Amino acid sequence: MKTRWILTTIAACIAAATAGAAEPLTLVEKGKSAYSIYHEPAAPDSVKEAAREIQTYVAKATGARLPIVTTFPDTPVIALGAGPQLQANGLSVEGIPLEGYRIVTKGKNLFIFGPDTPQRQYTPLGGFSRGTQNGAYTFLETVFGVRWLMPGDVGDVVPRAETVTMPPTDLTDAPDFRSRRLPYIRERDPKVQQWMRRNKLGYSILLVHG
């Protein structure tokens, strides 16, 4: 997955340089940001959590606290999840595998979206899809360098930077395995569950095994 991200980003940068049209996004400059984080009011909890995670870790990394909004703003935005804003920008979740995501820049805006299981529903094979959330964590890893090495704050690695830019990007990716689970003795601990989500563990197919 990381190799595909690097190759896709390099290709996007080359295309932007040759076209001379697309410019890098300055997400944070000298500890301040014009960006907000948007999701639909009725977005699944996984998308709302993704918004809070981006808000938290951008603040930890840069000192800039991005507001979370549920009305699409006129100012630059990090837009999460599916909704009318995708169609208005010529984007769609169609063709993205379960638990997969797309990260794409459009003008000064950044869109992160993928198939998301609605509340209290399952995939056809009994699992969940948190595509947008997986994309959000990939964004934090690749653009801000964040890592979650173990559950809890002690496992956070958050590099500090006053200014953060992002090259023109169009990445579609998905996990290679449809079931990614660990036999962790404290699996029911909320901090462990959060750590697993941050590392994009999950399953879109329910397999019972031991």
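The backbone nitrogen of E94 lies 3.0 Å from a polar atom of the S92 side chain; a polar contact here is a pair of N or O atoms within 3.5 Å, where within protein one must be able to donate a hydrogen and the other to accept it, and residues adjacent in sequence count only if both atoms are side-chain atoms. This is a predicted model, in which local features need pLDDT of at least 70, side-chain atom pairs count only at pLDDT 80 or more, and totals for chains, interfaces and linings use all residues. Residues are numbered from 1 along each chain as its sequence is written, and side-chain values use heavy atoms, with hydrogens and water left out.

S92 itself is found in the loop between α3 (84-88) and β5; helices (H or I, at least four residues) and strands (E, at least two) are DSSP runs, numbered from the N terminus. With a relative accessible area of 36%, S92 is partly exposed. Buried means under 20%, exposed over 50%, and partly exposed in between, using a 1.4 Å probe and protein chains only. The C-alpha atoms of S92 and F113 are separated by 8.6 Å, although the two residues are 21 apart along the chain.

Which residues touch the most other members of the largest nonpolar core? Of its 35 residues, they are L27, I54, I78, L80, F139, L140 and F144. Such a core is a set of buried Ala, Val, Leu, Ile, Met, Phe, Trp, Tyr and Cys residues joined through side-chain atoms within 4.5 Å. Elements giving two or more residues to this core include β1 (25-28), α2 (45-62), β4 (77-80) and α4 (131-144). The largest share, seven residues, comes from α2.

F144 illustrates the packing. Leaving aside residues up to four places away in sequence, F144 touches L27, V58, A61, T62, F139, P159 and V164, where contact means heavy atoms within 4.5 Å.

Helix α4 also holds E141. Is E141 buried or exposed? E141 is buried, because its relative accessible area is 18%. Its side chain makes a polar contact with the side chain of K200, at 2.9 Å. Beyond four places in sequence, E141 touches V146, R147, W148, R198 and K200.

Finally, M150 sits in the loop between β7 (147-148) and β8 (156-157). Its relative accessibility is 43%, so M150 counts as partly exposed.
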